[in-house]
Each structure stands twice: as structure tokens, then as C-alpha cells.
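Please read them with the structure open.

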Amino acid sequence: MNEVKMPRLGVTMQAGTVANWLLEEGDFVEKGDYLFEMETEKATVEIEAMNSGVLRKIIIPEGQEVPVNTVIAILAEEDEEINLSRYLEEKSAEEATVQVAAAVEAVAEKQEAAGKVGGGGKAAPKARQLAKQLGIDLATVIGTGKDGLITEKDVQNAAAVTETTAVLRIKETIPLNHVKISMSENMLNSWRNIPQFTQIVSVNMAQVVKAKKELGGVSINDVIVKAVANVVREYSIVNSRLEGNKIVVFDDVNISVAVNSGQGLVVPVVKNADSKSVSEISKEIKALSEKANNNQLTFDDYANGTITVSNLGSLGIETGTPIINAPQSTIIFAGSIQKTPVVNEFDEIVVAPMMKLSIAYDHRFIDGVTAAGFTNAVKDALENLSVHSLA
């Protein structure tokens, strides 16, 4: 007999969900065959069987999240005698504990509400009679009479409030998927634990637009990612994270690129972007976007990002204040390019393709002056861009 356990696919992984069993009870599985699909906070991956045998019992059903190393199924020989009682008892005990806890909590909440809102059950006889006629729960009525006695007036007031209070109708309740759960936890962690500040500059994108046309087959975002990667080599302090009382500065420039998917916004990584051409970066981002749309991103696709680039310009968003992708220290946000009247070096008013660039920094160790150096360097790199710098 072999236990199938919820695997740990990363050092930070705490739990996983059985998204889909690929076999049914009674089916034979070879070692290395895909047994089930596991949904984590970052991706959905197919999990291979570590042993051969018959899938004798599925303990954890589809859609249920369990901690890492939880036994989720049993593999054994077809005629092997096995005792499943221990696993089923553990599952039943866990479910019973959850149900009891929920029941206790519900009773406690009801008692607390009655104690805080109600008038201790003291009500004038006429008030009780009126409450019965109007269908008013006396536990929800605050008595204004002597020693908190509920009067007829109190019941009438409660009835009036009930009639005039609109009931909020719920259209639907949407559970968070694994991508949204991961995003929720990461953003909350970043906002709580990292004091952040944002610098915003206006960038003349004329040279970027020109380079895009000359190269062909690349996007504005591809060019921005490459330009940022080039600047990061000179301002490595932004390519870092804070670990305890130490700043860890990375040599690799791995850019997390925000892309949309059917599950939500995800941030796969273009590794060593500084050593790649813009054409190579473009192909890699397209491949990652396709994998994201097909829900096929792997842990390796997400791993080891050192700085993030987010671009909502194609959606018409002019500017924003991004939240750092923890545990990184810096995130660059690019807005849309707008034709804007500006004053040139000859004091002439001309129309230029301008873009707002917002960069958020970890203020625990990056100060305003240091940040300004990187912000202005990115602005300068974009405004003085050449096709040669994108090779």
C-alpha cells in the first residue's frame, strides 16, 4: 500500500487543492502517469504518481484544499488487503470538528447579539402582544422604559425601521480562484509590511515609438522591459530585497512582467532580461502570455523575479500608483501614450507622445534621492532610445 500525499512544490507552499482527479477509483496507474491536477496559489499543475498500483481510495474530493503532506488517496495492489478506517476516521473527525466549531460560533454570535441589542426579555404585556402581531423579534428591540422595559412605542419604532430599511440584494457570491487568492495575500503582505513611495515622471516616447516601427514585431511594453533591464545593470540597488537587516542585491536581472490571463493578472518572469535582445524578450513574453491564457504556467515561470514591470497603457490607463510585488523592492508602472502639447527646447509648443511613468520603491532602504537617480535614468533611457541599445 502506498499513500498519495499532497506534495510541496515550493518552499513557501503551505496547502494545495485537488482540482481534478484524472483517474477513478479502481483504475490502474503506472509510476510516472498523471494522477491528479493540483491547484496552488500560483498555478495548476498535473501531478505524477510516485508508485504503480490500483487507485483503491480517493480520500480528498475535488475542490478541497488541504495542507501539504495530507494523505489524499491510497494506491495498492488489486487484491491487497488494506485498512482505510484510520484515514476515514481522521477525515470524519476533522469534518465534525469544523461543524461543531461553526455551530458554537453561531450560537455565541446569537447570544452576543441578544445581549447587546435586546432588552433582556422585559417587555410590557401590550408591547409583547403588538410585537407578535407585527412579527417583531423582541430580542432586536431596545427598551426605553424603566430599567430597559420594552414599551409599545419601542415596538412601533422597531416596526417602522423594519419597513423602511431596504434589504440589500446579492446578485452572486464569487469565490476567489488560486490566482486571486495569491494576489490578495501578496498585496496585503506588501501593503502591511513594506512602506512604499512612488515617483512619477512624464516621458517623451517619440524615440520608443520610432524604434518600435523600425524593428517591427515588438510592442511598446517589450521595449520598456528591455530599457528597464539595461538601466537596472547600472542601478543594482533597485534589483534587490530586504532580508532581516541585510539588503540582498541580485546580479541576475529577472523581470516579473504583469500579463493578463483567464484566471486574473499574473506575473511570470523574463530571466536575464539584460542579456537578451528586445526581439528575444518579445518572443518570451508572448510565450508566457499564451501559457497564462491556457493556465499552463509552471512554478519555474514565476520563480526568482527581482523587479517588476506593469503596463496598462494598452487599456488606456494614463497613470497609477503600483504596489510592490513583495519581496521585491521596486515596481515600474507604465501608462498610456497620449498626444500632449509640450514646450520644446526652443520654447515652441509642439505635440509629443507623452507617457506617465510611475515607480514605487521600498522606503525601508531606498531613499528619495537614490530612487530619483533610477527614475530619471529610466526616463532618459526611453527618451534617448536607439535601436542599437535594444540589441
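1. In which crossing does α6 pass α9, left-handed or right-handed? The crossing is right-handed. Bear in mind throughout that this is a predicted model.

2. Take the geometry of that pair next. Helix α9 covers residues 368–383. The axes of α6 and α9 lie 9 Å apart, and the packing angle is about 130°. Angles over 145 degrees would count as roughly antiparallel, and 65 to 115 as roughly perpendicular. The two helices are therefore oblique to each other.

3. Now the residues at this contact. From α6 come Ile224, Ala227, Val228, Val231 and Val232. From α9 come Phe374, Ala377, Val378, Ala381 and Leu382. By class, the contact has 10 nonpolar residues, with no polar and no charged ones.

4. Helix α6 also packs against α7, which spans residues 278–293. Here the axes come within 9 Å and cross at roughly 120°. That angle makes α6 oblique to α7. The crossing of α6 past α7 is right-handed.

5. Which residues of α6 meet α7? They are Asn221, Asp222, Val223, Val225 and Lys226. Their partners in α7 are Val278, Ile281, Ser282 and Ile285. The class count for α6 with α7 is 5 nonpolar, 2 polar and 2 charged residues. For α6 with α9, by comparison, the count is 10 nonpolar, no polar and no charged.

6. The second largest pocket deserves a look. Its volume is about 400 Å³. The lining of this pocket comprises 19 residues. Nearest the pocket centre lie Asn221, Asn311, Leu312, Gly313 and Ser314. Asn221 also belongs to the set in α6 that meets α7.

7. Which elements give two or more residues to that lining? They are α6 (220–234), β13 (259–261), β16 (307–311) and β17 (330–343). The most comes from β17, with 3 residues. By class, the lining of the second largest pocket has 10 nonpolar and 9 polar residues, and no charged ones.

8. Most residues other than glycine have a negative phi, and most peptide bonds are trans. Asn272 is not a glycine, yet its phi is positive, at about 55°. Asn272 sits in the loop between β15 (269–270) and α7.

9. The other detail is a cis peptide bond between Ala326 and Pro327, with omega about 5°. Where does Pro327 lie? Pro327 is in the loop between β16 and β17.

Note on methods: Residues numbered from 1 in each chain as written. Predicted model: local features only at pLDDT ≥ 70, side-chain atom pairs only at ≥ 80, totals over all residues. Heavy atoms only, no water. 1 Å grid on protein atoms, 1.4 Å probe; cavity = no way out; pocket = protein on both sides within 12 Å on 5 of 7 lines; lining within 4 Å. Points joined across faces, edges and corners; volume = space filled by probe spheres on them. Helix = DSSP H or I, 4+ residues; strand = E, 2+ residues; numbered from the N terminus. Nonpolar A, V, L, I, M, F, W, Y, C, P; charged D, E, K, R; others polar. Axes fitted to C-alpha atoms, helices over the stretch in contact; angles between N-to-C directions. Parallel < 35°, antiparallel > 145°, perpendicular 65-115°, else oblique. Left-handed = near helix turned anticlockwise from the far one by under 90°. Contact = heavy atoms within 4.5 Å.
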